[in-house]
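I wrote down what I looked up, in the order I looked.

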Amino acid sequence: MPRVATPRTRAKVNPPPDDAPLLPIPEDAGPLSVNPTERPTGLGFFSLDEEREVINILYYGREGSAKSTNGATLANLGRVLIINAEGGAKRRALAKRGINVSNIQVWPQRGEPITIEGLQAVHNLLQADLADDPNSWVGVMFDSATEIHQALLEGVSSKRISAMQDDGKNPDPWFTDRGDYGVMAKQFKHLLRRFRDLPCHFVVTALERRDVDEDTGAVQYGPAVTPGIANDLLGYVDFVLVAKAEDEDGGFRALTKRKGRWRAKDRFDVLPEIMGTPTVERVLQYVNGDLTEDTDPLRHIKPTKGAPPPEDEE
């Protein structure tokens, strides 16, 4: 005879009265405990005054606009790891610009591919180091997101092709399936969140991408990654700086506030609209209050006709 499930009655829990005193959190509270009749413990609240201030910053722009150099100045503050996807971290060039290259560690080694597994291992190592010693790393830099997301896409496509070949199929090795983009985007966003949440500074560089709205024809500039990744990347960071190379209008500089077609951002609301020599060192001076637009010797950098980043290429 088949068994018939009998309905269960749920025990009624009476909430505490509004005037009930709050229970103190014991000093030796263990893991988080959630009980509808008791005060939760182990939440780990902390004061913002006690938090170590770190920033997450994105530089994007054309080649030669000093994106990598601006980020690498973190090495003047301590040990930095550069995910050298573009191979642009050159000891002599960085040293010439006054950067303490002895504080720079680079991954991966020349010829070693960038994979999701490798990047996860790098994150775990940094996380463990910082847990043991909060001063072990001052920051980490993705150089660049443009190249890293392409490397991840190639890895996803390679695994799909290998699986098809194992099934006796003969796929086109140069074809990228739409599903590959979805898997890659999920991997990249996952990595962005994990590296962003490390207790150290996080810098990302990217080339510039020009998009045209199919409906309105409007032009917009942003980081050269897929649109889905771009939206998350722009949202994850505290600063989005549009890097501009030295030219007749001025020295190396960056747009720090959204203007016209260019997407930029300053969550701290401390940077001038156009910032000269926008290194991470100088951004941190603004954040810490050691530098203001009035005291900055490069405050004379002002936008010329229209916006300061690259002119439209119709």
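Where is the place of Ser-144? I found Ser-144 in the loop between β4 and α4. A cis peptide bond joins Asp-143 and Ser-144, with omega about 10 degrees. I noted a cis peptide bond between Trp-107 and Pro-108 too, where omega is about 0 degrees. Pro-108 sits in the loop between β3 (104–107) and α3.

**Ground rules.** The model is predicted, so I kept in mind that local features need pLDDT of at least 70 and side-chain atom pairs count only at pLDDT 80 or more, while totals for chains, interfaces and linings use all residues. Residues are numbered from 1 along each chain as its sequence is written, and side-chain values use heavy atoms, with hydrogens and water left out.

**Whole protein.** I counted seven helices and 10 strands; these are DSSP runs numbered from the N terminus, H or I of at least four residues for helices and E of at least two for strands. Of the 314 residues, 40% are buried. Buried means under 20% relative accessible area, exposed over 50%, and partly exposed in between, with a 1.4 Å probe and protein chains only. I also looked at contacts between residues at least 6 apart in sequence: 67% of them join residues at least 24 apart. Contact means heavy atoms within 4.5 Å.

**Helix α4.** I went along α4 (residues 145–166), which has 22 residues. From its first C-alpha to its last it reaches 32 Å, close to the 32 Å expected at 1.5 Å a residue; the expected span is 1.5 Å times one less than the number of residues. Its buried residues include Ala-145, Ile-148, His-149, Leu-152, Leu-153 and Val-156. The buried residues of α4 pack against β2 (80–84), α3, β4 (139–143), α5, β5 (201–212) and α6 (227–236). Just after α4, Gly-168 takes a positive phi of about 85 degrees.

**Met-184.** Which residues does Met-184 touch? Not counting residues up to four places away in sequence, I listed His-149, Leu-152, Leu-153, Val-156, Thr-226 and Ile-229. Met-184 is in helix α5 and is buried, with a relative accessible area of 0%. Its C-alpha atom is separated by 5.9 Å from that of Leu-152, 32 residues apart along the chain.

**α3 against α5.** Helix α3 (residues 116–132) and helix α5 (residues 178–196) pack at about 10 degrees, with axes 11 Å apart. The axes are lines fitted to C-alpha atoms, for helices over the stretch in contact, and the angles run from 0 to 180 degrees between N-to-C directions. The two helices are therefore roughly parallel to each other, a label for angles under 35 degrees. On the α3 side, Leu-119 and His-123 are among the residues making the contact, and on the α5 side Leu-191 and Phe-195 are among them. The residues of this contact divide into six nonpolar, six polar and one charged. Ala, Val, Leu, Ile, Met, Phe, Trp, Tyr, Cys and Pro count as nonpolar, Asp, Glu, Lys and Arg as charged, and the others, Gly among them, as polar.

**Positive phi without glycine.** Ala-66 has a positive phi of about 70 degrees although it is not a glycine. I placed Ala-66 in the loop between β1 (56–61) and α1 (67–72). Is Ala-66 buried or exposed? Ala-66 is buried, with a relative accessible area of 19%. Asp-269, not a glycine either, has a positive phi of about 55 degrees. Asp-269 lies in the loop between β9 (265–266) and β10 (274–276) and is exposed, at 62% relative accessible area.

Key: Angles under 35 degrees count as roughly parallel, over 145 as roughly antiparallel, 65 to 115 as roughly perpendicular and the rest as oblique.
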